[in-house]
Amino acid sequence: MTTPQILLPGERVALVLPDRDHLPDYHRWENDPGTILGFGTQVPQSWEARSGGWERQRANRDYPQFEVVTADDHTPVGLTTLQIDGAVRTAEFVILLAPEARGRGLATEATSLTLRWAFEYAALRMVWLKVLEPNAAGVAAYQKAGFQPAGRLRQSGYWQGQPCDELLMDAVADDHLVATGPA
């Protein structure tokens with residue numbers, strides 16, 4: 001395994017550029033039942049759809065993705081994405097964590113690092129996300145990373161086959177930069 005170029009180091013994880021050789025891992029993570037439940041996608045994604053979308057995503061500069069690796073041995077444990085709207089300098093945040101990496105606080109740190117990239121390097125004003133209300137672990141991780149409640153989409157998602165609300169959360173550059181201090 002080659003050592004990836006660290007873009008942003010953290011205490012337990014770091015952000016690096018995604019590696020095409022890890023695409024089978026990403027596909028496995030995306031098709032994990034817990035991921036499907038958390039994303040509210042309800043159906044698995046075929047290998048053909050995932051591999052076909054890889055190059056399009058990588059070529060789109062308004063869709064930066066970061067592979068999340070462990071700081072000690074650079075094991076891939078997740079992906080984060082910023083879907084940038086350049087006209088207003090905002091982005092939607094999405095995280096995908098490997099099933100075996102969940103429950104260890106890594107999502108919070110990966111989210112914090114991605115927010116740091118968004119505000120300090122990409123010069124975004126605001127980052128937002130949607131999370132299914134019953135996903136208590138996700139909501140808690142996002143709040144610890146700096147996201148705040150911003151609204152609710154009533155009955156817009158499904159959790160274990162039942163309609164549920166989606167929560168909107170946001171983080172703004174001013175709050176983040178004050179909280180973290182100068183780079």
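Visitor: Which handedness does the crossing of α1 and α3 have?

Guide: In this predicted model, the crossing of α1 and α3 is right-handed.

Visitor: At what angle do helix α1 and helix α3 pack, and how far apart are their axes?

Guide: Helix α1 spans residues 23–30 and helix α3 spans residues 47–59; the angle between them is about 125 degrees, and their axes lie 10 Å apart.

Visitor: Which residues of α1 and α3 meet?

Guide: From α1 come Leu23, Pro24, Tyr26, His27 and Glu30, and they meet Trp47, Arg50, Ser51 and Trp54 of α3. By class, the contact of α1 with α3 comprises five nonpolar, two polar and two charged residues.

Visitor: How is the pair of helix α4 and helix α5 to be described?

Guide: The axes of α4 (residues 106–121) and α5 (residues 136–145) come within 8 Å and cross at roughly 45 degrees. In handedness, α4 passes α5 in a right-handed crossing.

Visitor: Which residues form the contact of α4 with α5?

Guide: Ala107, Thr108, Thr111, Ser112 and Leu115 in α4 meet Ala141, Tyr142, Lys144 and Ala145 in α5. This contact of α4 with α5 has five nonpolar residues, three polar and one charged.

Visitor: Is Leu113 buried or exposed?

Guide: A residue is called buried when its relative accessible area is under 20%. Leu113, found in helix α4, has a relative accessibility of 7% and so counts as buried.

Visitor: What is Leu113 in contact with, beyond its neighbours within four places in sequence?

Guide: With those neighbours set aside, Leu113 is in contact with Leu8, Pro9, Gly10, Val13, Ala14 and Leu15. A separate distance relates Leu113 to Val68: they are 45 residues apart in sequence, and their C-alpha atoms are 9.6 Å apart in space.

Visitor: What is the relative accessible area of Arg89?

Guide: Arg89 has a relative accessible area of 32%, so this residue is partly exposed.

Key:
Residues numbered from 1 in each chain as written. Predicted model: local features only at pLDDT ≥ 70, side-chain atom pairs only at ≥ 80, totals over all residues. Heavy atoms only, no water. Axes fitted to C-alpha atoms, helices over the stretch in contact; angles between N-to-C directions. Helix = DSSP H or I, 4+ residues; strand = E, 2+ residues; numbered from the N terminus. Left-handed = near helix turned anticlockwise from the far one by under 90°. Contact = heavy atoms within 4.5 Å. Nonpolar A, V, L, I, M, F, W, Y, C, P; charged D, E, K, R; others polar. Buried < 20%, exposed > 50% of the residue type's maximum accessible area, 1.4 Å probe, protein only.
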